[in-house]
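Please look over the sequence and the structure shown below, and keep both at hand while reading the report that follows.

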Amino acid sequence: MSPWLIGFGFFFAYPLLSTLYFSFMRYDGLNPPTWRGLDNWTYVFSDFPKFWPALQNTLWLGVVMVACRVLFGLGIGMLITKIKTGAGVFRTFFYLPYLAPPVAATLAFVFLLNPGTGPVNSLLEAVGIPAPSWFNDADWAKPALTVLAVWGVGDLMVIFMAALLDVPKEQYEAAELDGASAWQRFRFVTLPNISPIILFAVVTGIIGAMQYYTQPIVASKVASGVMGGSGVTFEPGHPDDSTLTLPQLIYSLGFSQFNYGAACVVALVLFAFSMAFTALLMRRRGGLIGSGD
């Protein structure tokens, strides 16, 4: 077990304990740390106005975005497994967006959803549907990020396809002979067989949502017209902190404001929520995905 213990100690235990230690310190990365007690915790929870919007956005994305990705990934996987002709073409078509670099994909979506010149709003207006402002509207920014995440659902599609193809056909045949409907076959045959894969997709999806950084910050920069550069300051979260997430807050506090103590507090909160979600899902897996009894 020595290699695992060494890796665990250097890459998990030591960083975690260091983060906990610095959360009680005043530290700017240049001067020696000095003890502050609970001042950093009080500052983050009581005096830092951006913490609670960032936490709410992160939890929203962890619930809504992950649920949409899992449902769409499972639905597309089931659809492709039923196609008799051209399944390879559809499989490639749905998987390719997942290979797009996150920055490039986000830039493309911001321009597609541009409220003034984007083709999506032009199409909506042509059919008489009110066109939202997407990344320029606080009410639509997170749904727009969810659409972007669903567009790149090819990874889950492939995983679910492999799981669906492993379901024994004999169980479907027995269910049909018993007069089970399509929904009953899905509920009592498909779900119990692919339940470990659903759990894996949900847990990894929530962990990924808790680390969601690149797409929201790129979208907010482009939508706000501030692309950065020398001498340009940018506050993430445009519009109105609707795309601000905890990972962005950690970066902003630690590397822009050099307040490493407060950044460590936010990092510990993020770690605690990730562990809590994972533990809850592992304990409630039967209620989440069905037991098939």
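In this predicted model, residue D155 lies in helix α8, which covers residues 154-165. D155 has a relative accessibility of 19%, and because buried means under 20% relative accessible area, this residue counts as buried. When its neighbours within four places in sequence are set aside, the residues in contact with D155 are R69, Y95 and Y98.

D241 is placed in the loop between α11 and α12, whereas F258 is placed in the loop between α12 and α13.

How do the axes of helix α3 and helix α13 cross? Helix α3 is formed by residues 51-82 and helix α13 by residues 260-283, and their axes come within 12 Å of each other and cross at roughly 25°. Angles under 35 degrees count as roughly parallel, and α3 and α13 are therefore described as roughly parallel to each other. The crossing in which α3 passes α13 is right-handed. On the side of α3, the contact is made by F51, L55, T58 and L59, while α13 contributes V266, V269, L270, F273 and F277. Sorted by class, this contact of α3 with α13 has 8 nonpolar residues and 1 polar residue, and no charged ones.

Turning to the chain as a whole, the model has 14 helices and 2 strands, and the C-alpha trace spans about 75 × 60 × 30 Å along its principal axes. Of the 293 residues in the chain, 38% are buried. The accessible surface of the chain amounts to about 16400 Å², and carbon and sulfur atoms account for 66% of that surface.

Note on methods. Residues numbered from 1 in each chain as written. Predicted model: local features only at pLDDT ≥ 70, side-chain atom pairs only at ≥ 80, totals over all residues. Heavy atoms only, no water. Axes fitted to C-alpha atoms, helices over the stretch in contact; angles between N-to-C directions. Helix = DSSP H or I, 4+ residues; strand = E, 2+ residues; numbered from the N terminus. Parallel < 35°, antiparallel > 145°, perpendicular 65-115°, else oblique. Left-handed = near helix turned anticlockwise from the far one by under 90°. Contact = heavy atoms within 4.5 Å. Nonpolar A, V, L, I, M, F, W, Y, C, P; charged D, E, K, R; others polar. Buried < 20%, exposed > 50% of the residue type's maximum accessible area, 1.4 Å probe, protein only. Areas by Shrake-Rupley, 256 points an atom, 1.4 Å probe, with all protein chains shown as cover.
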